Amino acid sequence: MNCKKAEKLFLRAHDGLLSEEESKELEKHIDSCLFCQKSRAEYKNIFDVLQKTDFPEPKPYFWERLRPRLNEQKFFEPWQAWKQWGLRAIPLSLLLVLFLASAILVFGPQPREEFSQSGVLLFEDQSPLQDTGTILDEEGVEDKNMMLIFASLEEQPGSRRPFP
Amino acid sequence: MDEKDLVQKSQEGNEEAYGILVETYKTKVFNMAYSLTLNREIADDLAQEVFIKAYYALPKFKGKAAFSTWLHQITMNHTKDYLRKASRMRQVPFEETKGDLSTQEDKAEKREREEDLAQKKKIVHEAIVTLPEKYRIILSLRDIQGLPYEEISRLLNISPGTVDSRLHRARKMLKKKIIPFLEKEGGRQ
């Protein structure tokens, strides 16, 4: 047996948890080991002091002092319950608001994009040049240019540039 | 009126019945708080707070365990909370203990022995309050209060094997802290 195991055993012996065999083995080691003899004496010294701890009495008029505090507690109970749970609810509700806000941003209705007339025609799989095709085929060059200018101005009524 | 009736009446809000329970258990609750704090003033405050807590928790007490066990559990948890807060703020005051006097022994010899014991107690108790909370608690429960392993295991909600190993470590830590002082103060046997 080494000194480490002996220390463990004599502490267990102090608690009355040692078998007879372990006791004999321990005594055999301690008889031959000065270090363990000293160590056991030191522990015994400590245990003696601990066991002699004086337990003073509680201060006088224990119940008389306690009774008004019970009633005082009754009065403060709703406020304390709020304090206990209400204060915990603040960060939780902030988290909830944050979560809802991000959910609305991600899954909420997206703003509809405005398309130009030619864009609409493209989405409808139609050529934006279809209306002007007949003009381009039939008229002379100057007329074609004038008609194309007026056609484009009709498409975008707000963008008409004043003549100089 | 037996304890069960007293508990039942207290649950119904009868303060007189609760007063009898307080008188019965105040010393036990106080001693447990004292063994963990080693300060009479604080232990008294903690004992009062434990009885207030217990009074308001009584409606939840179903009587599965004994009332004393339930009360001890509250005391343990409340004192642990106090120690945790106090150690965070480093405010665990230590109170010097005094030995009791006997009149039949030789006065000088007795005084010398008492002074020696008081000095040793002071050193040991000062060392205990500097131990980490879990070691301090287990040492107080076992070596100051003398509670059996099973009760400590139940109170702290740990296995008896953990009680054994933690207690072993606590005792080793305490010895390491105080032996140099005890030798210096002439505390050797």
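Guide: Let's begin at one helix contact: in chain B, Leu6(B), Lys9(B) and Ser10(B) of H1(B) meet Ala17(B), Tyr18(B), Ile20(B) and Leu21(B) of H2(B). Keep in mind that this is a predicted model.

Visitor: OK. How does that contact of H1(B) with H2(B) divide into nonpolar, polar and charged?
Guide: Five of the residues are nonpolar, one is polar and one is charged.

Visitor: And at what angle do H1(B) and H2(B) pack?
Guide: About 130°, with the axes 7 Å apart. H1 covers residues 3-11 of chain B.

Visitor: Left-handed or right-handed, when H1(B) passes H2(B)?
Guide: That crossing is left-handed.

Visitor: What's in the loop between H2 and H3 of chain B?
Guide: Leu38(B) is found there. Leu38(B) has a positive phi of about 55° although it is not a glycine.

Visitor: Is Leu38(B) buried or exposed?
Guide: Buried: 25 other C-beta atoms lie within 10 Å of Leu38(B), and the cut-off for buried is 20 or more.

Visitor: Which residue of chain A has a positive phi although it is not a glycine?
Guide: Tyr61(A), with a phi of about 55°. Tyr61(A) lies in the loop between H3 (34-51) and H4 (62-107) of chain A.

Visitor: Let's talk cores. How many residues does the largest nonpolar core have?
Guide: It has 45 residues. Those with the most contacts inside it are Val29(B), Ala33(B), Ala47(B), Val124(B) and Ile138(B). H2(B) gives the most to this core, with 10 residues.

Visitor: What does Val29(B) touch?
Guide: Leaving out residues up to four places away in sequence, Val29(B) touches Ala47(B), Val50(B), Leu71(B) and Thr75(B). A separate core of six residues lies apart from the largest one, and Ala6(A), Leu9(A), Leu11(A) and Leu26(A) are among its members.

Visitor: Zooming out, what's the overall makeup of chain B?
Guide: Eight helices and zero strands. Of its 189 residues, 34% are buried. Among its contacts with a separation of 6 or more, 64% are between residues 24 or more positions apart.

Visitor: How many helices does chain A have?
Guide: Seven, again with zero strands. Buried residues make up 8% of the 164 residues in chain A. For contacts in chain A between residues at least 6 apart in sequence, 37% join residues at least 24 apart.

Visitor: How many residues of chain B are in contact with chain A?
Guide: 34 residues of chain B, in contact with 25 residues of chain A. On the chain B side, H2, H3, H5 (107-129), H6 (133-144) and H8 (160-184) each give two or more residues. H2(B) has the largest share, nine residues. By class, that side has 15 nonpolar, eight polar and 11 charged residues.

Visitor: Last one: where is Ile158(B)?
Guide: In the loop between H7 (149-156) and H8 of chain B. Ile158(B) counts as partly exposed, with 15 C-beta neighbours inside 10 Å. Setting aside neighbours within four places in sequence, Ile158(B) is in contact with Ser153(B) and Val163(B).

How values were computed
Residues numbered from 1 in each chain as written. Chains lettered and ligands numbered in written order. Predicted model: local features only at pLDDT ≥ 70, side-chain atom pairs only at ≥ 80, totals over all residues. Helix = DSSP H or I, 4+ residues; strand = E, 2+ residues; numbered from the N terminus. Buried ≥ 20, exposed ≤ 12 C-beta atoms within 10 Å, placed from the backbone. Contact = placed C-beta atoms within 7 Å. Nonpolar A, V, L, I, M, F, W, Y, C, P; charged D, E, K, R; others polar. Axes fitted to C-alpha atoms, helices over the stretch in contact; angles between N-to-C directions. Left-handed = near helix turned anticlockwise from the far one by under 90°. Core = buried A, V, L, I, M, F, W, Y, C linked by C-beta atoms within 7 Å.
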